[in-house]
Amino acid sequence: MSKFTVIGGNSSQDLAKKLSKKLKADLITSKVRVFPDGESKITLDGKLSKNKTIVVQSIYPPVDTNLIQTLSLVSKAKESSNEIIVIIPYMGYARQDREFLSGEIITMKVLGILFKGVGASRIIVVDIHSMIGLKHFKIKVKNVSAIPDLVYYFKKMKLKDPIVISPDQGGKERAKEFARKFECEYIALIKHRDRKTGKVQIKTSRLEEIKGRDLILVDDMISTGGSIIKATEFLRKQKCRRVFVACTHALLINGAEKKIKKSGVAKIVSVNTIPGKTSLVDISDTIAQAIK
Ligand code: R5P
């Protein structure tokens, strides 16, 4: 038996397998049965290490189901292992990190209490929406960046005079980091989202400098695709060449992929924090390095 075990949660089985190979750890798979009323029944297949267990489970939709499964896996692992490292490649609820409108509950605060309560020693996430969310956790937390892996992918593509674009000011630092590694320029658009309706508008007026150039739209996540679609429609009007999307977490809710392609995006490239058709970049190496 290895010094530690990796538990592959239902939402991250493939990533957990890759990670256990890289870490030379024993992999324990979980079988999940979700009852008609929505309750999850989880069965683990294997013996847990006394030393350390790594739980790998992304919290993408169904978010609450995957969240309770993650908490249950940690709680079970704590019965046998001294140290529990929780890898949450995509952290659902990360956007609920502050009180935007009066009376709103900061769910990240609740998550901080829950993960500590079930016995998590350390949490590792990938490209969290904002570091503010992690401040609510009173245990060790680490955010790892998928940008080097995404840049590596895009470097292999043949692009014409590329320039990196952030769809909003909130993503400016991310775009800057991507552009620095990719060795090109970057621009951050001005986006407005109505906090009540969720409707998105691009407020940037004109961008002469993107004419005839290939663009890489960099974002942390795509949910409904609204931000990417509005940005692409604006960028196409400025007569750019092709628009590519580089994002970490592709949730692609309600047919978002089709709608994004229709708006003029040539290709969406995302990371396997969420498995799917667009997750062409593997983050297991980067996570393995963060654990070591
Ligand atoms: C917003 O600040 C985020 O970085 C993403 O741009 C946003 O959450 C994506 O959501 P949607 O795809 O629904 O616009």
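1. A pairing of two strands here means that DSSP finds at least two bridges between them, and helices (H or I, at least four residues) and strands (E, at least two) are DSSP runs, numbered from the N terminus. This is a predicted model, in which local features need pLDDT of at least 70 and side-chain atom pairs count only at pLDDT 80 or more, while totals for chains, interfaces and linings use all residues. Residues are numbered from 1 along each chain as its sequence is written, and side-chain values use heavy atoms, with hydrogens and water left out.

2. Now look at β4. Its neighbour β1 runs parallel to β4, with 5 bridges between them, and T5 sits opposite T53 of β4. With β5, too, β4 pairs in the parallel sense over 5 bridges, and V55 has V86 of β5 as its bridge partner.

3. How many of the residues of β4 are buried? The count is 5 of 5, so to speak a mostly covered strand, where buried means under 20% relative accessible area, exposed over 50% and partly exposed in between (1.4 Å probe, protein chains only). K52, I54 and V56 point one way, T53 and V55 point the other way, and all are buried. In a regular strand, side chains alternate between the two faces of the sheet.

4. In helix α4 (residues 147-155), the buried residues include I147, L150, Y153 and F154, along with D149 and V151. Their cover includes helices α5 (172-182) and α8 (284-291) and strands β12 (215-222), β13 (243-250), β14 (265-271) and β15 (279-281); contact means heavy atoms within 4.5 Å.

5. On to the charges: there are 18 salt bridges in the structure, each a side-chain nitrogen of Lys or Arg within 4 Å of a carboxyl oxygen of Asp or Glu. One of them joins D214 to R241, with the closest N and O atoms 3.1 Å apart. D214 is in the loop between β11 (200-202) and β12, and R241 is in the loop between α6 (226-237) and β13, so this pair ties together parts 27 residues apart in sequence. D214 is buried at 0% relative accessible area, whereas R241 is partly exposed at 37%.

6. E257 has two salt-bridge partners to check. With K261, the N to O distance is 3.6 Å; these residues are 4 apart in helix α7 (residues 256-262), about one helical turn. With K277, the N to O distance is 3.6 Å, and because K277 lies in the loop between β14 and β15 while E257 is in helix α7, the pair ties together parts 20 residues apart in sequence. E257 is buried at 19%, K261 is partly exposed at 38% and K277 is exposed at 71%.

7. Finally, a network of salt bridges links D161, E185 and R213.
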